[in-house]
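Visitor: Hi, can you walk me through this one? I'm new to reading structures.

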Amino acid sequence: PAKDTIALQHGAHRIGVRTDADMARWRSLRFGQFIHWGVYAIPGGEWKGKTYNGAAEWIRSWKELPHEEYDNLYRQFNPVNFDAQQWASQAKEMGAKYMIITTKHHDGFCLWPSKYSKYTIAASPYKKDLLGPMVAAYNKAGIDVYLYFSIIDWSHPDYRASLKTAADSAANKRFQVFVKNQLAELLQRYPTVKGFWFDGTWDDSWKRDGAFTDELEQYLQSIHPGLVMGSRLRADEKGARHFDSNGRLMGDYEQGWERKLPEKIEDVHGNDWEAVMTVPENQWGYNAQWAGHIKTANELLEMLVKSVSLNGNFVLNFGPKADGTFRTEEQQLMTQIGQWMKINGEAVYNGTYAGFEKQDWGYYIRKAGTDSVYMVVFNIPVSGSLRVKMPAHTSLVSVSLQQQTLTPELIGRNEYFIHLSGKQSDTPVVILLKTTSGE
Ligand code: FHN
């Protein structure tokens with residue numbers, strides 16, 4: 001280690017990004033669909049006429065809803081209208097290339113019939129496994145599946161947030177075995193999944209056992225080589241999460257971008273990263289009454305494009321209803337985003353940071369490993385002139401807007417205006433620059 005780094009046994013085991021094919025695939029997909037689905041969809045943010053003002057999937061922690069009552073909601077969980085094919089085809093229509101499903105959220109309810117828990121879909125009136133058909137349908141539609149898994153488990157008698165006594169430590173050890181068993185079970189049941197998306201790893205009991213998080217990560221990799229797992233799983237032996245005590249990223253990509261995006265390439269320190277985003281401000285599970293600002297398709301597309309322009313993936317969350325259908329607002333968003341992606345998705349998939357100076361009109365995305373750079377324009381200036389400053393040693397060869405050639409105006413040394421005078425658009429405009437690089 002360098003002079004000012006400390007020796008760590010359970011810190012990052014890799015410097016720089018993963019370079020294997022499984023990780024390259026994850027990186028190329030760029031757009032994902034997140035789904036938060038569980039028994040919390042039944043109350044949908046309301047209980048006995050009162051509205052909970054937290055996130056709907058957290059309603060069990062609200063004093064107005066006794067745990068006893070929440071923990072019996074599964075007896076009513078019967079998503080008779082769940083249609084895996086339909087879910088998959090609408091995700092495909094939207095342009096998602098991967099999806100992340102909550103196999104188990106903080107409440108502990110399992111969407112699969114786990115043999116390690118009684119609190120699962122098997123005990124509900126629906127009885128049937130939900131994950132199996134979901135994984136099959138999404139895969140058939142060409143979409144990779146990732147499994148969200150909460151470490152925090154409010155239903156498990158051995159879960160401890162902190163370890164104060166020897167009995168707590170013993171319970172925690174049993175809980176770790178349970179976690180390991182459930183994860184191995186998921187991989188064994190759904191072998192086509194590409195990775196885990198861990199959550200609920202912030203409690204002291206988890207953070208203080210960095211060695212276990214490290215062993216678990218290696219164990220999962222050993223039984224399912226190539227698995228992609230973000231930085232939320234890990235802690236080092238000093239309790240540092242995501243980044244070890246030397247500031248190095250643990251896990252395969254930075255998983256801290258929740259409902260926020262980096263501003264500039266320096267913010268991501270050369271790491272792979274992914275952002276997860278809600279449609280309303282902070283609701284993941286189904287909430288019957290969305291409040292506050294509801295993001296529009298254009299706002300979400302801007303976040304997607306911005307993420308890709310900074311080398312990241314973007315994952316948009318949906319919270320289906322308890323019966324297995326999606327609310328109208330979400331269906332409309334999927335359709336609107338999909339309409340744009342169908343025509344312009346080529347600018348997003350396999351996109352990377354382009355190395356161009358940022359301009360106010362929008363974002364540049366480079367098709368990985370090529371001289372093709374897309375300009376995704378969100379703000380056409382009143383002048384109609386888009387400024388393009390070429391990076392050093394790069395020259396502009398041609399400019400086109402949907403097969404139509406545009407003639408750039410040279411306005412300075414290697415600096416151009418691309419004129420869009422008179423052009424108006426309700427959706428982002430994509431311009432393709434062909435460039436050459438070299439000394
Ligand atoms: O508490 C959860 C929350 O309900 C939701 O699942 C999000 C998704 O990233 N994760 C946690 C908060 O970080």
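Predicted model: local features only at pLDDT ≥ 70, side-chain atom pairs only at ≥ 80, totals over all residues.

Guide: Let's begin with a definition. Two strands pair if DSSP finds at least two bridges between them. Strands (E, at least two residues) and helices (H or I, at least four) are DSSP runs, numbered from the N terminus. Residues are numbered from 1 along each chain as its sequence is written, and side-chain values use heavy atoms, with hydrogens and water left out.

Visitor: OK. Which residue is the bridge partner of Tyr 374 in strand 19?

Guide: That is Leu 432. The strands here are strand 13 (residues 372-377) and strand 19 (residues 429-437), and they pair in the antiparallel sense over six bridges.

Visitor: How many bridges join strand 15 to strand 19?

Guide: Six, and those two strands also run antiparallel. In strand 19, Ser 437 is the residue opposite Thr 394.

Visitor: New topic. How many aromatic pairs are there in the whole structure?

Guide: The search finds 26. Take Phe 109 and Tyr 119: the ring centres are 5.2 Å apart and the planes stand at 75 degrees, so this pair is edge-to-face. Here are the cut-offs. Rings of Phe, Tyr and Trp (its six-membered ring) pair if their centres lie within 6.5 Å; planes under 30 degrees apart count as stacked, over 60 as edge-to-face and the rest as tilted.

Visitor: Where are Phe 109 and Tyr 119 in the chain?

Guide: Both are in the loop between strand 4 (98-104) and helix 4 (131-140), ten residues apart.

Visitor: Phe 109: buried or exposed?

Guide: Phe 109 is buried, at a relative accessible area of 2%. Tyr 119 is buried as well, with 9% relative accessibility. Buried means under 20% relative accessible area, exposed over 50%, and partly exposed in between (1.4 Å probe, protein chains only).

Visitor: What about Tyr 148 and Trp 197, what kind of pair is that?

Guide: A stacked one, with 5.7 Å from centre to centre and 15 degrees between the planes. Tyr 148 is in strand 5 (residues 144-150) and Trp 197 in strand 6 (residues 195-199), 49 residues apart. Tyr 148 and Trp 197 are both buried.

Visitor: Which residues form the aromatic cluster with Phe 109?

Guide: Among them are Trp 37, Tyr 74, Phe 77, Trp 87 and Tyr 119.

Visitor: Which lysine lies over the face of Tyr 349?

Guide: Lys 97, at 4.5 Å from the ring centre. Lys 260 has its charged end over the ring of Trp 257, 5.8 Å from the centre. A charge sits over a ring if NZ of Lys or CZ of Arg is within 6 Å of the ring centre and within 35 degrees of the ring normal.

Visitor: Now the ligand. How many residues surround it?

Guide: 13 residues, and the closest are His 36, Glu 57, His 106, Asp 199 and Glu 258. A residue counts if one of its heavy atoms lies within 4 Å.

Visitor: Which side chains have a polar atom at a ligand oxygen?

Guide: Trp 58 is one of them, at 2.8 Å. Tyr 148 is back too, at 3.4 Å. For Arg 232, the distance from a side-chain N or O atom is 3.4 Å.

Visitor: Last one. What is phi of His 269?

Guide: Near 50 degrees, a positive value in a residue other than glycine. His 269 lies in the loop between strand 8 (254-258) and strand 9 (273-277), and at 58% relative accessibility it counts as exposed. His 393 has a positive phi too, about 65 degrees. Its loop runs between strand 14 and strand 15 (394-401). With 48% relative accessibility, His 393 is partly exposed.

Conventions: Polar contact = N/O pair within 3.5 Å; in protein donor to acceptor, adjacent residues only side chain to side chain.
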